[in-house]
Amino acid sequence: MTSGLQILILGLALGGVYALMAIGLSLTYGVMRILNLAHAAFMVLGAYLAYWALQILHIDPLVSILINGPLFFILGIVLYRILFVPLAGRSRYTEATLLLSFGLALGIEGIMGAMWTGIYRLANPSYATRSLVFGSFYIPEGQMYATAASLGILIALWGFLQKTRLGRAIRATMQNRTAAQIVGVHVERISALAFGLGMASAGVSGSLLSFLFPFFPGKHWQWISILLSLVVLGGMGSLIGTVVGALMLAVASVYVSSALGPTWSPATFYAALFLVLMIRPQGLFGKREV
Amino acid sequence: MLILEIEEVSAGYGMGPDILSRVSVRFEAGLIHCLIGPNGAGKSTLLRVIAGLLRPRSGRVLLEGKVISGLRPDQILAHGICLVPQDRSLFPDMTVRENLLMGGYIERDQRQVSRRMEEVLEIFPEVRRHLNHRAGTLSGGEQQMVAIARGLMVHPRVMMLDEPSLGLAPLVVDRIFEAISRLKTMGITVLIVEQNVRKGLAYADRGYVLDMGRLSFEGPAREVMEDPRLQELYLGRMVLSNREVQG
């Protein structure tokens, strides 16, 4: 048995990374009502790019954040323009985009499988196997860097959304799309920007994923399930809710893992998902759709 | 001097029927215009068409002789036409300050926006004490004031208000209309859609009566108020709907 405080430390550290992984999913849903089921597939793609960057070019996965971020941002904007814009104005836009993103996830999985086979990969930078010990507590060094990077990126994103003109426009579009149009926000352009940011977050999460968790092309299904459950817990489209949901579920899963064994840890997410849908379907910070 | 001309505009939503059918109206600069008419007459739709939120199926909208129909909402806003819609359309989770900043969104220079916000707060001092409150927590009347103030952020030449008195207590309604009169003294052309016919026409210079997607008649507000056709329109409709209920 691990001590309660140790579980909390590991859980919060993990939760910080989960929050970064899920924030883009929440942003894309909040701005456009697009539930991007391919989000985790892009995350795994980002992990592969970080993995090969380390293997071939000796670029540290933490440094590959600087490559994956802009790369996936541009990829996101291009994909949004080519695939999602033509669906705009459909009466069943959300359903159509759900199917589209599902197909996208399958496509990316297929491409990754064809190029890099189905074997497990895990990037192995020097710090991946070390742990930092503080008195009676420890934290894996890689985990600590990943959490610090996640928090840094989340704070930067928060600052952008709170303090800049474009960031405000994104939040405005999330809260009331028509009102945003009325004050002159070109909502299609803002949507493309939000989709790009969502994809960038998937890309940079991939860099962290590459050395934290073993991955293979089909792994994204498990990840999207985890991410969806914590986004639903926080409340669909609520960014603060996503962060809180990520921290709570990460701590819970570490606790379950320590008490019942690691095989039970994924079940935490599904149990939480069921509970939320039964008790408070709009999530902790969500609003009921009218 | 004419500022806005609506020429033979037809419009509707999705695959639905025409809500406006070949409407032609002209609005003069610097006056308060009040659009009245029964539910479904197309008053709000006309404002949405002018604001660019809805594309007309045919016809044109001209601002000082230049065609603006077909432009995007942000482009029409940049021409100085702003809309305060029926639901006020504030950003509920943002503070009043952020709502005002969003009102100045199309201005990229943030110093200009701050300067303009100060000017707007001088025109509407009652908004100042709510600056740090979340817009969603304000009362209906306060939200309406913020919505008008937000519209002013773009130095509008035309301000359109869709049922500004909706759901407000009579005393608050007076305050809102008094604020609308202030817009006129600033040289802004005002278009109001109003269910509260008496109140709307009392503050307006001209009245326009829409019915079944067409302009029924128009004239100086006082004359429209007295016009027997107005009584007929509202009363006639009521008798008809009563009969429908009974039948």
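Author: One term first: helices (H or I, at least four residues) and strands (E, at least two) are DSSP runs, numbered from the N terminus. This is a predicted model, where local features need pLDDT of at least 70, side-chain atom pairs count only at pLDDT 80 or more, and totals for chains, interfaces and linings use all residues. Residues are numbered from 1 along each chain as its sequence is written, chains are lettered from A and ligands numbered from 1 in the order in which they are written, and side-chain values use heavy atoms, with hydrogens and water left out.

Reader: OK, what comes just after α6(B)?

Author: B:G187, which takes a positive phi of about 85 degrees.

Reader: And which residues of α6(B) are buried?

Author: B:V173, B:I176, B:F177, B:A179, B:I180 and B:L183. Buried means under 20% relative accessible area, exposed over 50%, partly exposed in between (1.4 Å probe, protein chains only). They cover an arc of only 150 degrees around the axis, so they sit on the same side of α6(B); the arc is that of the directions from the helix axis to the C-beta atoms. On the other side, B:L171 and B:T185 are exposed.

Reader: What covers the buried ones?

Author: The cover includes β3 (32–36), α5 (140–152), β7 (158–162), β8 (189–193) and α7 (197–203) of chain B. Contact here means heavy atoms within 4.5 Å.

Reader: Switching to chain A, how far does α2 reach?

Author: Helix α2 (residues 39–57) of chain A reaches 26 Å from its first C-alpha to its last, close to the 27 Å expected. That expected span is 1.5 Å times one less than the number of residues. Of its 19 residues, 14 are buried, so α2(A) is largely enclosed by the rest of the structure. Just after α2(A), A:H58 has a positive phi of about 55 degrees.

Reader: And where is A:A271?

Author: In helix α11 (residues 265–279) of chain A. A:A271 counts as partly exposed, because its relative accessibility is 41%.

Reader: Last topic: which residues lie nearest the centre of the largest pocket?

Author: A:M174, A:G237, A:S238, A:L239 and B:D93, out of 36 lining residues. A pocket is an open set of points on a 1 Å grid over the protein atoms alone, where a 1.4 Å probe fits, with protein on both sides within 12 Å along at least five of seven lines; lining residues have an atom within 4 Å of a point.

Reader: Which helix gives the largest share of the lining?

Author: α5(A), with 7 residues.
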